[in-house]
Amino acid sequence: MVVSAASETSAEQVAEILQTLSTVPNTSALDTLPRNLAKYWVWSRDSIAVAILEKKHKWVPVKKQRDAKLVWTKNRHVEAFLPSTTIVNYINHTAKIASKGTFVEYLREYKKNTGKDYEWFHPKTYLMYERDDCLEFKYYALNRFKDGDLWISKETLAAEGRGITIYSNQQQLQQLFSKEKCPFPRPKRLIQQYIHNPLLLNERKSEMRLYFFIANVDPLLVLAHEGTVRLTLSPYKLKNFDDPTIHITNTHQQKTNQALYDKYRDTMKWDWPQLEKYLIGQNKTTDTNFLANSLKPILFKVLCHVMNATRSGLGIIQNRFQLLGIDVIPSNDLKTIWVTEMQTGPSLELDHPVKMHNIPKMVDEMLAIAVEIDTKRAARKPFANLDSVKQWEWVINEAHSPPFYYQ
């Protein structure tokens, strides 16, 4: 899914961003770059990049991408024939990863080529625009469906929780196949097993986001960063499947009940330390370092698998990087992490205190890493070890000898 807010920051938020970044010393690669090179182009003056590059690190904005050292764009708006020394926050073809259907196709092809299964982190899925998948699911739906089975239909390119239907009984599926013939027509859809036992926080369904950053494609460099936890507005129950405030964690869907959203919005987003504290308090774990010892390792292993499965589709252009996100639903027993969606344009809106606390520092360090890689590349120095890496954590580092893959 590709989603970006039209405006990331307001004038009032800039001061708060700078306050958040005040503890970050001005000694990163963003500060040591020669001043005549410290120029950037940005898609909007409301972008978080303005506060970080211009206000914090004193970079100078330019009007043309070709005159910039760093281009901060969105929606793939990149000028043709930019100098190879221009750093750009967009990698060609990452949108394929965000298509729910193409993502499954990558996972299947990777399994076919390597024998490495993916159903330990991705729900059973049928691509209804593929004839064989559609017919297989149709046979199950009409002949083998059992009480208690739950399936969710998603449009492969839809965003913000749109185009979702949950099927909880056989009659619904019979009605579906009485209207549709295999393969299903556009818009492309998939049907996958509904995660019926999600991690409940304060009795509400939750979903986690892990940010990750492709710092370079060849050699492949991938780092990960703690993200957020989203909760639904209404307590979880295995009924009322047409109520998005129970079953769909996406913020846009929660706003369908605006009164309820306005009342509880401050409780709907957590950071990861708050999650860890809650799990310990609810006796779901006795490990006081649950994040580091249990949660992050499985998330990083999943991300490593995903990147190896999808890397063949990435465009290889020097000095390109990109921030992405991976959304997952942990099971309530914390034994499984289910990937629900990939994000090639995770929102950087600072519309919640949790995001204001985390995102500016995360983006600041990411930009410093990108500039340090460029500086070392220009000087023909190895970039296996980067001084700019502080809070970001390595998942794949093929510049290292031997190459590092999180295991």
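Modeller: The count comes to 3 cavities of 30 Å³ or more. On a 1 Å grid over the protein atoms alone, a cavity is a set of points where a 1.4 Å probe fits but cannot get out. Grid points are joined across faces, edges and corners, and a volume is the space filled by probe spheres set on the points. This is a predicted model: local features need pLDDT of at least 70, side-chain atom pairs count only at pLDDT 80 or more, and totals for chains, interfaces and linings use all residues. Residues are numbered from 1 along each chain as its sequence is written, and side-chain values use heavy atoms, with hydrogens and water left out.

Start with the largest cavity. It holds about 360 Å³ of space. Its lining has 28 residues, and the closest to its centre are Lys-154, Ile-164, Glu-207, Ile-248 and Thr-340. A lining residue has an atom within 4 Å of a point. Five strands each supply at least two lining residues: S6 (151–155), S8 (189–193), S10 (204–216), S13 (322–330) and S14 (337–343). Helices (H or I, at least four residues) and strands (E, at least two) are DSSP runs, numbered from the N terminus. By class, this lining has 10 nonpolar, 8 polar and 10 charged residues. Ala, Val, Leu, Ile, Met, Phe, Trp, Tyr, Cys and Pro count as nonpolar, Asp, Glu, Lys and Arg as charged, and the others, Gly among them, as polar.

Now the second largest cavity. About 90 Å³ of space lies there. Among the residues that line it are Ile-97, Phe-103, His-122, Lys-154, Leu-190, Thr-340 and Met-342. Helix H4 (95–98), helix H5 (100–114), S8 and S14 each give two or more residues to this lining. Its classes come to 6 nonpolar, 3 polar and 3 charged.

Last, the open space. A pocket is an open set with protein on both sides within 12 Å along at least five of seven lines. The largest pocket has about 660 Å³ of space. Of its 31 lining residues, the closest to the centre are Lys-361, Glu-365, Ser-388, Lys-390 and Gln-391. Helix H13 gives the most to this lining, with 11 residues. The lining divides into 10 nonpolar, 10 polar and 11 charged residues.
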